[in-house]
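Subject: Structure for you, with notes

Hello,

Here is the structure I said I would pass on. Please look through it alongside the notes below.

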Amino acid sequence: MRERTIIHLNIVDFSVAVERLQDSSLRNRPLIIAPQAARATVYDMSEEAYQDGVRKGMGLIDARRRCRRARVLPPRPEQYEKAIQCCIRRVLPFSPLVERAHGQGHLYLDMTGSHRLFGPPPDIGWRIRNTLRNDLGLDPIWSIGPNKLIAKVGSRIVKPCGEYIVAQGEERAFLAPLPLSLLPTLKPHQYSRLRAVGLSRIGQAAALSRQELSVVCGRRADILYNSLHGIDPTPVQAPAHSGRRFFFQHYLAQDSNREEIIRSAVLSLAGQAGYALRRQKLACRKIIIKLLYSDGMSCERQAVKKLPVFLDHDLEQSAITALFRCWRRRVRIRSIGLCCRDIFPQIHQLSLFKSINQNNRKRKELNRTIDKIHELFGREKLYRGYTQ
Amino acid sequence: MIPLGLHSHYSLLRSPTSCDALCRQARQLGYRTIGLTDINNLYGLWDFVNGCDRYAIRPIIGAELRSNGERAFFLVKSSQGYTNLCRIITGIHQDNTPLHSLPEKRLQGLVLLSDHKKLLTRWQEMELDIGAAIIGRPDQQGSELRNHARLLNIPAMIVADTYILTRNEKRTLQILRAIAGNCSLSRLPADQQMNTGKQLLSPGEYEQRYRIWPELLRNTRAIAERCEFHGPKFGLVPPPYKNLGNQDADHLLRRAALAGARQRYGSPLPKKVMKRLNHELQIIASMGFSSYFLVVRDIVRPVSRTCGRGSGAASLVAYCLAITNVCPIRHNLYFERFLNPGRTDAPDIDIDFAWDERDQVLASVFSTYKNHCAMVSNMVTMQPRKAIRETARVFGLPAAEINTITRRLSGFRFQRDTGDDLHAQLRATARLRNCSFAPPWPEILARAQELIDIPATLSVHPGGIIITPRPITDYVPVQQAAKGVPIIQWDKDGAEQAGLVKIDLLGNRSLGVIRDALIQVRATGVHIDEHSWRPEEDAKTRQLVKKGLTMGCFYIESPAMRILQKKAGRGDFEHLVIHSSIIRPAANDCIRTYLRRLHGEKWQPLHPLIADILSETYGIMVYQEDVSRVAVQLGFSPAQGDRLRKIMSKKDKDGQLADFRDRFFQAAAEKKLSQKEAEGIWQMMLSFAGYSFCKPHSASYARVSFQAAWLKAHYPAEFMAAVISNQGGFYSTFAYVSEARRMGLRILPPDVNRSEIAWRGHGRELQVGLMAIAGLSETTRNRILQERNMEGDVKKFASLLDFLQRVHPADDEARALIHAGALDGLVEKPANRSQMLYQLAQWQQSRSLAINRLFPPSAVPPPALPGQHQVERLRNEYRVLGFLCHTHPICLFDQQRQRLGTILARDLDKFAGSREKIPFLGWPITAKIVGTKTGQPMEFLTFEDETGQVECTLFPRTYQRHCHLLHTGAPLLLTGTVEQDFGALSFTVTHIAPVPVTGKRHKEKPDYHQSSETRDTIA
């Protein structure tokens, strides 16, 4: 198998880092990113606040009690998005294969075969770090490994700052003494099962055969076996290859179980999805709504149309159907996600009879006009109003 | 206008309005007659009747009946109608009887109002007294109904159909509907929003509203006038005796009592006995309660072990009939406390049965008196904790967030008369100091406050049962409780007001403890003759009681009681009777006076007139009947004295007590008592009557206490096994295990080859039962025993695989067994629980694979897994069992104890009275929050280590500062001084801190340079 070189960049506490870039007075004090609402939860926090016991998802009141000296700022997702795009632009010259990983501020770069172009991988790591630090003021952790898994574990053990390099062939030795909790692919139930049989280090679990591991962890033991041995064949995927998928999320400033608020948020998400689809001349058949409740439980349900749709009206209908399929509890909702699946190019079927589907024609025109305004002046300049 | 179809909060979760508020509001609006029709029930009948009486309103009794989508208002015209209504309501609860199928004879004596056209047509054919109910407003629907009424030639009338009194209650009503519908306010269905027409209006507003149809007002008045029934009047309804034959009950009772007396006292009967027996029998006969005694005797007779409780134990007749077990003559028990000729309410005989036998007793009563008996119900009202929890759920808060508030509300009571709202009172509560109450909590608390005391559900009274001469549904509607027994629709106060005589058949854990301990003792070959058993005369037992070493013993095991025993230093029966009644809230001054007098202080009675009555209790009022007896001594009749005693024991006594106070002081003046003396006696009566027990009750319980103490003194292992197995004691299993260890018993861990379901004690060993393993189902427990004792042969489990294949436990059950150590005996020693868990997983996997295989896969030896770390092993054991078998968990903190220089519990006496501040590391066992005289909270806690228990006191200031650290279940580092009072030690805590963690916590980082070698080592 060809030797691979993967760099994992992790800008720790990404949103805090971005806020500090924009206001240098924030650098010397703990910072909590959370909406300014009575029942808001922590979106992100600085290392100092973390050391005081603040965690993501914790109630802001509790977080403030734990870290009274912290300054609290509202989250600005659009700023963070801009910042990560800037980072991607800075690292693209080093590799066309840049994957934006789950979570903020994580990037994987496939540097395989780039030795002649940019020099040895550690040099590339340093150069990327210097570029980001000099150009953007962001100081990422970086680690190099023969695959994404090893690179990620390398970053985890040096957090909150530093770098780590693992060479090909050293994967097992590198992982063996580490606690199991550092293994990113390990599911919570697998972790507790391995702990139950007295295993606490990766090396101890790696000493089990595939068969023995399947006894303890059941299904998916093969994947875990590979992970325990430092094997991760998953490629670094550039965004263009990650499949066409539209996902939109709305965090409620204050969790709520009021129907009018939830409805309005879902309709707004459907509008965003419609705008994004129409811009790319696409349509979708399936709308998935995912609700995250305040107690951490989540639920998702879908609504499927016979034909692909792209107009706000149709998308809204599907979204509301999916919403009421999954909204069965009275616990407050913290965030709502809307995902469009089964994406197809738009098909315009001409009608034989002019009088048919006048409403549809009107809706198309309305959507076109609204989209134009959004394009020219931004989405925040025009909102749809909804009535009960 | 006469408002009919009103609803109170007894239409459960449909109205926030109490009957009293309804009557008061109706009176203020100018109504003289109102009709209450709660939905499918008569729960509020007596509250409504009393409220109408209070505000001089004529009540119309009725109910709104809903069944199978039909709805009608049934108003009672006569006693026959009332009986019919009770039967109809019972039928609806039993089998959801459709209203249209009710037979004609069942509908006599009632006025039937409905907006259901088909129902009206059917009832018109039967020529019943009916009317068309125009509900709400004169709208299109009402117009159609009015026309239909004209066609049928029946009157149409107004049914107010109200649920709230003021507009402000609308929101409360919506919250109630959201609670009932398990939804949020914004998703409350439209028909539950209660938007319009649900509020009680004034007569003028109704007249204005219906002025276009004036005949409706006339018809409504006419109907109301026909309803002349204003509440049932049964008189006293004692249970009937079935086996009378040709004899009368009085004669039969006399014969039975005399026969029983001869057995108790021998023949011929002593004069004293004969005289009292005649006196009692005469009163019983004159009041018509002979059959009552015979019925109770028949209930008790088949049961081996009972304990009469309450005032009934003062009756010699009850003692002779073997209903009670304490001789009223020997212990000077006052019969008039139980029954006197002037008593107008029904007395009740309360009997305790072993907790696990009581359901059989109840079943036998139900089968003997089929359709003539039911249990008394208990109306469960919303208390602050439930009101807050339910409202917060409606507001959509997550359970964890709600629990942070509600779990600290144990024992919290909302004080309406302070002027502070619920939010303010919670903020002032020390335990909730760390709660922020950020929005929406203020709104939740404001709404929850409106829900407090609103009935939520009907449950079963702990033991009250009613037996009636006619079918019970002639008296009161009956419905089925969730646990499957029939219950009447009134609580004990309602039953008492109706005259239905209640028998209390209660469950008592300690009777089960004594029974099981005796069975174990007998199994060892020792025979104890219970007829000649006199535990109160046994020196070893008296010594145990005297020293307060009575943990596990019925009624005398609480820390307060054991401290009192230690301070008193008396182990005899008579003093124990006093102690079990004198222990009560806010009686500290009296207890100290008692102890001083007990230890020789000279004292004078409050007045010579009452000296004799209180001589045996050192001049202090201890028992409830002391109130009646003192009152009688001052010139009250026994009935008046008893009435005074009863009023004093009620919570809302102020109104009724004023009159008695005047009479008391007048009587005292007539007997030449000074104002000061009279005031002194009155204050003592007030302080004691509210909480104290009657002497017969205390004496009856003291006998059971002595039996338990005797078993603990002579057969500790058998006794402790029975205490833990019967559960429900004052302490947790953890505390009882510690006590057993302190008593020198060895705790044998659970073992599938040795353990029974219950705990077993023998000699100096206590074998943990399978019941101690959390998560092990009853089915699996039984299967383990069944597999082990196949056809009488003991076939032990040979290996782990053998056990799994024979018992087939669920995965979590098998894990629990492994963690508890119950399977350690099936593997090679030392048992490696990691490997056992692996073998379990292997067996589970092979079992699922075996479905598609001809032969099950053979067992492969487990890999070499590291054993569980000791702390982790003990943590698992504690999680599953709730205690550790081989050690006290506090021993795991030895390092901290050495470092902090803490003192062990057994050494605390060396510091008594020294005022030196001592550190003590203790494990919390029990806690009790009390209020000081000024209303400040303080707490008594019991902590323990492996050497003993320490009774700790947290005075208000310390409590305020440290209460947030308590009740976590974790051990705590206490600092304080050791006090000694009458020879008993207590620890006054001045500072509390969590136990500091030993060593430094390091972030887990490997030594990367050594990583290759580490791998080799593991491999």
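Predicted model: local features only at pLDDT ≥ 70, side-chain atom pairs only at ≥ 80, totals over all residues.

Residues are numbered from 1 along each chain as its sequence is written, and chains are lettered from A and ligands numbered from 1 in the order in which they are written.

Chain A

Chain A has an open sheet of four strands, with antiparallel pairing and the order E9-E12-E10-E11. Helices (H or I, at least four residues) and strands (E, at least two) are DSSP runs, numbered from the N terminus; two strands pair if DSSP finds at least two bridges between them. Strand E9 (246–256) and strand E11 (298–309) of chain A are the edge strands, each pairing on one side only. On average, and with direction ignored, neighbouring strands of this sheet are turned by 15° against each other. E9(A) is joined by seven bridges to strand E12 (residues 333–345) of chain A, and the two run antiparallel. His250(A) has Ile336(A) in E12(A) as its bridge partner.

Helix H13 (residues 259–279) of chain A packs on this sheet and touches E9, strand E10 (282–293) and E12 of chain A; its direction makes about 155° with that of E9(A). Helix H14 (residues 312–326) of chain A lies across E10, E11 and E12 of chain A, at about 150° to E11(A). For these angles, axes are lines fitted to C-alpha atoms, for helices over the stretch in contact, and angles run from 0 to 180 degrees between N-to-C directions. Contact means that the C-beta atoms of two residues, placed from the backbone, lie within 7 Å.

Elsewhere in chain A, helix H7 (residues 148–158) has eight of its 11 residues buried, so it is largely enclosed by the rest of the structure. A residue is buried if 20 or more other C-beta atoms, placed from the backbone, lie within 10 Å of its own, exposed if 12 or fewer, and partly exposed in between. The buried residues of H7(A) include Leu149(A), Ile150(A) and Val153(A). Among the elements that cover them are strand E1 (6–10), strand E6 (106–110) and helix H12 (221–228) of chain A.

Chain B

Strand E2 (residues 58–67) of chain B is largely enclosed by the rest of the structure, because eight of its 10 residues are buried. Seven bridges connect E2(B) with strand E1 (residues 33–39) of chain B, the two running parallel; Gly35(B) has Ile60(B) as its bridge partner in E2(B). Six bridges connect E2(B) with strand E3 (residues 70–76) of chain B, which run antiparallel. E2(B) and E3(B) form a hairpin with two residues between them, and Asn68(B) in the turn has a positive phi of about 50°.

Leu564(B) lies in helix H21 (residues 559–568) of chain B. This residue, Leu564(B), is buried, with 25 other C-beta atoms within 10 Å. Neighbours within four places in sequence aside, Leu564(B) is in contact with His579(B), Ile583(B) and Ile591(B).

Between the chains

In the interface, 33 residues of chain B are in contact with 31 residues of chain A. Helix H15 (399–406), helix H34 (833–849) and helix H38 (1011–1018) of chain B are the elements that give two or more residues to the side of chain B that touches chain A. H34(B) provides the largest share of that side, six residues.

Regards
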